[in-house]
Amino acid sequence: MLKLILLATGIAILLLLLTRSAEAKDDLPLEKHTYRDAHGKELPYRLLKPLHPEEGKKYPLVIFLHGAGERGSDNEKQLIHGVPHFVAKETQEKYPCFLVAPQCPAGQRWVEVDWSADSHTQPKAPGEAGRLTLELIEQVMKELPIDPKRVYLTGLSMGGYGTWDLLARRPELFAAAAPICGGADEATAAKIKAIPVWAFHGARDTAVKPARSRNMIAALEKAGGKPKYTEYPDVGHNSWDNAYKDPKFYEWMFGQKKE
């Protein structure tokens, strides 16, 4: 009987913690929205606005692409990793910006490729989630006071792949990109060689091979680019924890501006 009571108590505590965790995610100051295309296809997204917007001033735009585990339609899970660092008050006070965090539908990917492969060829057309994201960016830039010279793209894991992919599809759109533990088609390096890139990966990553980042960085350098690359020697797949908590990352990203 005592074991049953303890088990029931443990389950109750776990459920309470999970509930509080879900509530905590939604406590972040991001508005809930849904983008709909002309055919009725939907993409949920969250929107962060500057803390103290000034009349007539234009602000940077950050596009954040989440990982595979945060797919769905609840418009919440995409806030678990990375986003809390961007929306922290100290970050927003120093780097006021708009941030858009779309949520990829279950069963889809930002770019429809095999994450376990040693390499891949970029699909000719973006998948539905990638296409809707590009359309969403265009809409947000028309509706909000965004500086078109300061549009930044970043993402982790599945979102790291998406970051490399969207960057190569619309290189004229982005001022900088930070793909984390992702992979790319090295043949696209020439398209993006002039764009500031800072890639991150964990040397002990068993979900996405570190070689995927290393190879793309090498391809960019061969094409004449000057990318930054940080590989954490004792870190596995969650290299985003180190990257997004580094103050130098934000200093670098928000310091980039298209000519």
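Mentor: A residue counts as buried when its relative accessible area is under 20%. Keep that cut-off in mind as we look at this predicted model.

Trainee: Thanks! What makes helix H5 largely enclosed by the rest of the structure?

Mentor: Count its residues against the cut-off: 12 of the 12 residues of H5 are buried, so the rest of the structure largely encloses this helix. Among the buried residues are Met158, Tyr161, Trp164 and Arg169. For the protein chain, 51% of the 259 residues count as buried.

Trainee: How do you know that the span of H5 agrees with its number of residues?

Mentor: The expected span is 1.5 Å times one less than the number of residues. For the 12 residues of H5, 158–169, that should give 16 Å, and the end C-alpha atoms are 17 Å apart, which agrees.

Trainee: Which classes of residue line the largest cavity?

Mentor: Five lining residues are nonpolar, four are polar and two are charged. Asp counts as charged, and Asp165 and Asp185 are both in this lining.

Trainee: And why is the other space called a pocket?

Mentor: A pocket is an open set of points, whereas from a cavity the probe cannot get out, so the two names mark that contrast. The largest pocket holds about 180 Å³ of space. Residues lining this pocket include His85, Glu90, Lys94, Asp246 and Tyr250.

Trainee: Which helices contribute to the lining of the largest pocket?

Mentor: Helix H3 (89–94) and helix H9 (247–254) each supply at least two residues. The largest share, three residues, comes from H3. By class, the pocket lining has five nonpolar, two polar and four charged residues.

Trainee: Last one: how do you know where to be careful in this model?

Mentor: Look at pLDDT, the predictor's confidence in each residue, from 0 to 100. The chain has a mean of 91, and 90% of its residues reach 70 or more. Over residues 1–24, however, the pLDDT is below 50, and this stretch has one contact beyond near neighbours in sequence. Where pLDDT is low, the predicted coordinates should not be read in detail.

Definitions and conventions
Residues numbered from 1 in each chain as written. Predicted model: local features only at pLDDT ≥ 70, side-chain atom pairs only at ≥ 80, totals over all residues. Heavy atoms only, no water. 1 Å grid on protein atoms, 1.4 Å probe; cavity = no way out; pocket = protein on both sides within 12 Å on 5 of 7 lines; lining within 4 Å. Points joined across faces, edges and corners; volume = space filled by probe spheres on them. Helix = DSSP H or I, 4+ residues; strand = E, 2+ residues; numbered from the N terminus. Contact = heavy atoms within 4.5 Å. Buried < 20%, exposed > 50% of the residue type's maximum accessible area, 1.4 Å probe, protein only.
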